[in-house]
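The sequence and the structure come first.

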Amino acid sequence: MRSQMRSQTGDLFDDVMDAQGGRETLAEGAVILRGYARDQAQGFLVAVDAITDAAPFRHLVTPGGFRMSVAMTNCGPLGWVSDRNGYRYSPVDPESGLRWPPMPEAFRQLASLAAAEAGFPAFTPDACLINRYQPGTKLSLHQDRDETDLAAPIVSISLGLPAVFVFGGLTRSAPTTRTRLNHGDVVVWGGPARLAYHGVQTIKAGHFPETDHQRINLTFRKAGSSCA
Ligand code: SIN
Ligand code: FE2
């Protein structure tokens, strides 16, 4: 009886650890750090509000003319943009002609620490794409391949409503795994997984205290060349 109780307590402890600080391998070079950004999440959301005051969320159009359901903006020296002419990184916000808002130091630090934790030391992002998902929106399977420096990983921080993240292989048709991403979870993919296809399934209706009906995702990239 006693040992049974102890093992039940042990299982519970493991569950709590998984929820708060577990590490899950998605593929070689790809890891989820559960709750890694949770302590800073509130401050990050305040920073996102300030960034979007200067560079509001907008719906980009793909080169094929499709309006993306996920709204986007950027902070940092370079920002990812898409229009009829293609996908690219730009030092200025095409809507305002001004530079993107600076990347908060706390963003840069957490991204670097998470990358190191995942086995990619000395990651210094120069771009942070901020995605806003509302219920009913999704991001189709794609590769992040517009960056010059593919030696650097991608670091992704999830805030607000949960999402189902789809992670595949190096071809569109490779098998995929699905995993739930919660507020404060961080995913890092690099090395052999750097060009892995990934996406986000349609967000379900819900309410999250700090973000209302939204999921916010920050992805950190090294978009320009190291000597830029
Ligand atoms: C992305 O692929 O750029 C974003 C991934 C996510 O929202 O989790
Ligand atoms: Fe992506």
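**Location of the ligand**

Which space is taken by ligand 1? Ligand 1 takes the space of the largest pocket. On a 1 Å grid over the protein atoms alone, a pocket is an open set of points with protein on both sides within 12 Å along at least five of seven lines.

This is a predicted model, in which local features need pLDDT of at least 70 and side-chain atom pairs count only at pLDDT 80 or more, while totals for chains, interfaces and linings use all residues. Residues are numbered from 1 along each chain as its sequence is written, and side-chain values use heavy atoms, with hydrogens and water left out.

**The shell and its strands**

The residues around ligand 1 (one heavy atom within 4 Å) include Phe-165, Leu-139, Asn-217 and Thr-219. By class, the shell has 4 nonpolar, 5 polar and 2 charged residues.

At least two shell residues come from each of strands E6 (127-133), E7 (139-142), E12 (198-200) and E13 (215-221); E13 gives the most, with 4. Strands are DSSP runs of at least two residues, numbered from the N terminus.

**Polar contacts and burial**

Polar contacts are pairs of N or O atoms within 3.5 Å. An oxygen atom of ligand 1 lies 2.4 Å from a side-chain N or O atom of Tyr-133. For His-142, the distance from a polar side-chain atom to a ligand oxygen is 3.1 Å; for Arg-221, the corresponding distance is 3.3 Å. Taken alone, ligand 1 exposes 260 Å², of which the protein buries 98% (Shrake-Rupley method, 1.4 Å probe).

Note on methods:
Chains lettered and ligands numbered in written order. Polar contact = N/O pair within 3.5 Å; in protein donor to acceptor, adjacent residues only side chain to side chain. 1 Å grid on protein atoms, 1.4 Å probe; cavity = no way out; pocket = protein on both sides within 12 Å on 5 of 7 lines; lining within 4 Å. Sits in = over half its atoms within 2 Å of the grid points. Nonpolar A, V, L, I, M, F, W, Y, C, P; charged D, E, K, R; others polar.
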